[in-house]
Every structure is written in structure tokens, then in C-alpha cells.
Amino acid sequence: MQKGVYAGLTFHRYEPGFVIQGGDPKGDGTGGYIEPGTASERRIPLEVKPHLQHGEAGVVAMARANEPNSASSQFYITLAPARFLDMQYAVFGRVIDGLPTVLSLRRSDKILEVAIEGGYSHNINEHSQNSSQPWINEQPEAKPGEFDISLDERTPRSETDIDLE
């Protein structure tokens with residue numbers, strides 16, 4: 001995330017009572033992270049664990065297309081429990097502070113910055129993903145940490161803390 005991939009991007013999808021989704025460089029739900037050196041979209045293999053579930057509002061997970069290994073840069077935050085997504089989408093975090101802010105997010109709200117604190121050594125100027133994504137953290141066995149998301153002025157709070165699993 002030190003590359004600033006998410007800074008200035010918006011949440012492009014809002015489904016009331018389900019999810020808010022962001023992380024698309026195109027802003028319309030069709031894009032992913034393009035690797036600068038290759039001009040190819042970076043894809044992330046699906047990684048799921050039974051204990052990482054969509055059992056509450058505030059779960060953070062990788063969005064993807066129909067193909068299980070198609071995740072790239074998009075992520076979503078649940079607005080309510082969504083257990084039917086368990087074992088199908090990679091959960092990598094949860095909101096630990098500022099859930100009312102997350103619940104107030106809407107389509108077109110802008111991500112200003114995200115900074116990792118705690119177990120991660122790299123600074124993220126964005127949202128989402130887990131330690132297996134090399135552009136977030138190149139240390140193979142990084143410990144969980146937290147990251148703060150700074151949102152635009154429309155939101156009632158300027159920061160939301162998310163715990164990375």
C-alpha cells in the first residue's frame with residue numbers, strides 16, 4: 001500500500017443492509033490493481049479460513065468476480081451479517097472502532113488515506129487486503145495490526161479503525 005493505490009478512490013457500490021465496496025481504480029466496479037512494471041492486473045488467489053466469517057457488520061473482505069482467484073484491489077465492508085459469503089470470499093479484517101462511520105458510508109464517498117499501525121511495517125495510503133498481498137506487506141509472516149481509514153468530510157467521523165486478521 002506504500003504505492004498509494006487507494007488514496008482518492010471512492011466507494012463505488014453501496015447495497016443497503018449488505019455491503020459498501022471500494023478499491024476500484026476505475027471507480028465503477030470493473031477495475032483492479034495494475035502492476036506498473038508489467039501493465040497487468042495483479043490477481044490474488046482465494047484464501048479462506050473457517051474462523052474468518054461474515055457474522056456481523058464491519059467485516060472486511062476481498063471483493064472479486066465470479067472466478068474465485070480473481071480478487072485484485074477491491075474490498076468490501078459488511079453492513080450486516082452475511083454468512084452466505086463465508087468460505088467464498090477472503091475475510092482479512094474487521095472494524096474495531098468507528099462502525100457508525102462505516103454504516104454511514106455511501107456510494108461516491110472518498111477514501112483520503114489509510115495508515116497501518118501495529119504489526120505491519122508498511123504504510124498503506126489506501127484500504128483493504130491481508131498480509132499475503134505482497135504490495136501491502138512483503139514480510140511473509142506479518143502479525144495482525146490495525147489501520148486507520150481517513151474519509152471525506154461528509155462522514156460524521158474522520159477515522160475508522162479496522163483490525164487486520
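The protein chain contains 1 helix and 8 strands, where helices (H or I, at least four residues) and strands (E, at least two) are DSSP runs numbered from the N terminus. Read from the N terminus, the order of these elements is β-β-β-β-β-α-β-β-β. The model is a predicted one, in which local features need pLDDT of at least 70 and side-chain atom pairs count only at pLDDT 80 or more, while totals for chains, interfaces and linings use all residues. Residues are numbered from 1 along each chain as its sequence is written, and side-chain values use heavy atoms, with hydrogens and water left out.

Of the 165 residues in the protein chain, 51% count as buried; buried means under 20% relative accessible area, exposed over 50%, and partly exposed in between (1.4 Å probe, protein chains only). Contact means heavy atoms within 4.5 Å. Among contacts in the protein chain with a separation of 6 or more, 66% are between residues 24 or more positions apart.

The loop between strand E2 (19-22) and strand E3 (59-62) holds Thr-30, and Gly-58 lies in the loop between E2 and E3 as well. Are these residues buried or exposed? Thr-30 counts as exposed because its relative accessibility is 52%. Gly-58 counts as buried because its relative accessibility is 0%.

The surroundings of each residue can be described in turn. Leaving aside neighbours within four places in sequence, Thr-30 is in contact with Asp-24 and Gln-74. The C-alpha atoms of Thr-30 and Gln-74 are separated by 9.4 Å, and the two residues are 44 residues apart along the chain. The side chain of Thr-30 also forms a polar contact of 2.6 Å with that of Asp-28; a polar contact is a pair of N or O atoms within 3.5 Å, and within protein one must be able to donate a hydrogen and the other to accept it, with residues adjacent in sequence counting only if both atoms are side-chain atoms.

With the same exclusion of neighbours within four places in sequence, Gly-58 is in contact with Ile-77, Thr-78, Gly-93, Arg-94, Val-95 and Leu-99. Gly-58 and Arg-94 are 36 residues apart along the chain, and their C-alpha atoms are separated by 5.3 Å.
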